Amino acid sequence: HFPFEKHGFHPPGTVGALGSALAASIFLSNTVEETAMALGIAASRSSGLAGNIGTMTKATHCGHASRVGLESAFLAKSGVTASVSTLESPSGWGEIFGGDHFDTDIILEGISTLSCFEFPGFAFKKWPAHTAMQIAIQAAIPLHKNNYIPESIQITSPVFKYCNRPFPKDTDDARFSFQYNVALGILDGEINFHSYSNDSLNRESLQSILSRTELNMVPGVPSTFDTMEIGIKLDDGRRSSTDRWPGHWKSRAEQEDHDRKFLSCATQLYPSTKAQELLDQLKTMEDEVSFRSLLAGLENAPSISPL
């Protein structure tokens with residue numbers, strides 16, 4: 001984790017472009033020189049402002065990084081040049097995005113070993129919300145009881161200033177609100193796509209709970225996603241706390257969890273039979289499915305309106 005967010009940058013858009021460029025260069029069998037050029041090209045195309053967290057644009061940072069990384073690898077293979085020292089040079093990627101906190105040795109070690117794939121490895125979002133909300137939701141769901149509406153909710157969390165959104169203004173805002181996601185878990189007992197719809201957000205029962213929810217962000221409490229903890233206390237005395245969710249580094253998701261989430265997402269666009277066909281193709285892609293056939297299967301997706 002590099003502290004780019006302290007400079008107003010969102011890491012998936014700034015780090016992701018280089019990761020994509022390196023992965024695409026390996027996939028395309030680029031030479032060492034071409035790979036260095038691809039990283040230099042991608043460094044100039046890295047972007048992503050933390051100011052867009054809580055909007056649809058934030059969600060495009062990963063896709064943009066994937067696209068420019070692949071394009072950079074193709075451009076480098078075709079002869080386009082860039083600085084081979086753009087990561088560590090003055091006014092380069094590290095200085096601009098990392099500032100005084102940037103440590104060249106750490107990133108070079110990471111590139112050479114790729115140890116992050118094993119430790120801590122991959123985390124998997126179970127619900128369509130911010131990473132910290134995964135922990136908040138997991139803490140809230142055990143407090144659900146049929147027909148129970150709490151008179152007061154007290155939430156204790158690390159300091160995440162951009163997640164203190166007591167009355168989300170829209171459904172994107174809601175995905176980054178500790179108050180909304182805790183209230184949602186307690187009121188409904190489950191979370192799905194429609195939990196972030198206008199109908200869900202504007203419910204009288206949920207708005208009433210939000211008005212009685214208090215968030216206490218405690219300075220000094222660990223705020224990294226692999227160590228943070230969320231605690232909840234209700235007016236009836238019940239409490240719940242956790243430092244993980246199904247899919248967290250400490251509680252790995254199973255393959256069936258990945259399959260279930262893919263189908264949940266894909267069936268928003270495709271019939272269930274088509275979604276299952278796409279899943280089957282993806283699971284055998286390394287052995288027998290070509291990108292052309294996969295992309296052909298993705299064509300003509302129907303357009304949908306925001307929830």
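Biologist: Is Ala275 buried or exposed?
Modeller: This is a predicted model, and in it Ala275 is buried, because its relative accessibility is 0% and the cut-off for buried is under 20%.

Biologist: OK, and which helix is Ala275 in?
Modeller: Ala275 belongs to helix α13, which covers residues 272-283.

Biologist: What does Ala275 touch, if we skip its neighbours within four places in sequence?
Modeller: Ala275 then has contacts with Phe262, Leu263, Ala266, Thr267 and Tyr270.

Biologist: And how many Å apart are Ala275 and Leu18?
Modeller: Going C-alpha to C-alpha, 31 Å in space. Along the sequence, Ala275 and Leu18 are 257 residues apart.

Biologist: You mentioned Phe262. Which residues line the second largest pocket?
Modeller: Phe262 is one of them, and the others are Phe124, His258, Lys261 and Cys265.

Biologist: What volume does that second largest pocket have?
Modeller: About 540 Å³. As for its lining, three residues are nonpolar, one is polar and one is charged.

Biologist: New topic: how many residues does the largest nonpolar core have?
Modeller: It has 36, and Phe178 and Ile232 are the ones with the most contacts inside it. Helices α7 (131-140), α9 (178-188) and α11 (204-210) each supply at least two residues of this core, and so does each of the strands β1 (153-157), β2 (213-217) and β3 (230-234).

Biologist: What about a second core, which residues does it include?
Modeller: That one is separate and has 21 residues, among them Leu28, Ile41, Ala73 and Ala76.

Biologist: Back to Ile232. What does Ile232 touch, not counting residues up to four places away?
Modeller: Quite a list: Ile232 touches Ala136, Ala139, Ala140, Leu143, Ile153, Gln154, Val182 and Ile186, plus Arg238, Arg239 and Ser240.

Biologist: Last one, Asp243. Where is Asp243?
Modeller: In the loop that runs between β4 (239-242) and α12 (255-266).

Biologist: Why does Asp243 count as buried?
Modeller: Because its relative accessibility is 19%, and buried means under 20%.

Biologist: Which side chains make polar contacts with the side chain of Asp243?
Modeller: The Arg244 side chain makes one, at 2.9 Å. The side chain of Lys250 makes a polar contact with Asp243 too, at 2.9 Å.

Biologist: And which residues is Asp243 in contact with, leaving aside neighbours within four places?
Modeller: Lys250 turns up again, along with Ile135, Met228, Glu229 and His248.

Methods:
Residues are numbered from 1 along each chain as its sequence is written. This is a predicted model: local features need pLDDT of at least 70, side-chain atom pairs count only at pLDDT 80 or more; totals for chains, interfaces and linings use all residues. Side-chain values use heavy atoms; hydrogens and water are left out. On a 1 Å grid over the protein atoms alone, a cavity is a set of points where a 1.4 Å probe fits but cannot get out, and a pocket is an open set with protein on both sides within 12 Å along at least five of seven lines; lining residues have an atom within 4 Å of a point. Grid points are joined across faces, edges and corners, and a volume is the space filled by probe spheres set on the points. Ala, Val, Leu, Ile, Met, Phe, Trp, Tyr, Cys and Pro count as nonpolar, Asp, Glu, Lys and Arg as charged, and the others, Gly among them, as polar. Helices (H or I, at least four residues) and strands (E, at least two) are DSSP runs, numbered from the N terminus. Buried means under 20% relative accessible area, exposed over 50%, partly exposed in between (1.4 Å probe, protein chains only). Contact means heavy atoms within 4.5 Å. A nonpolar core is a set of buried Ala, Val, Leu, Ile, Met, Phe, Trp, Tyr and Cys residues joined through side-chain atoms within 4.5 Å. A polar contact is a pair of N or O atoms within 3.5 Å; within protein, one must be able to donate a hydrogen and the other to accept it, and residues adjacent in sequence count only if both atoms are side-chain atoms.
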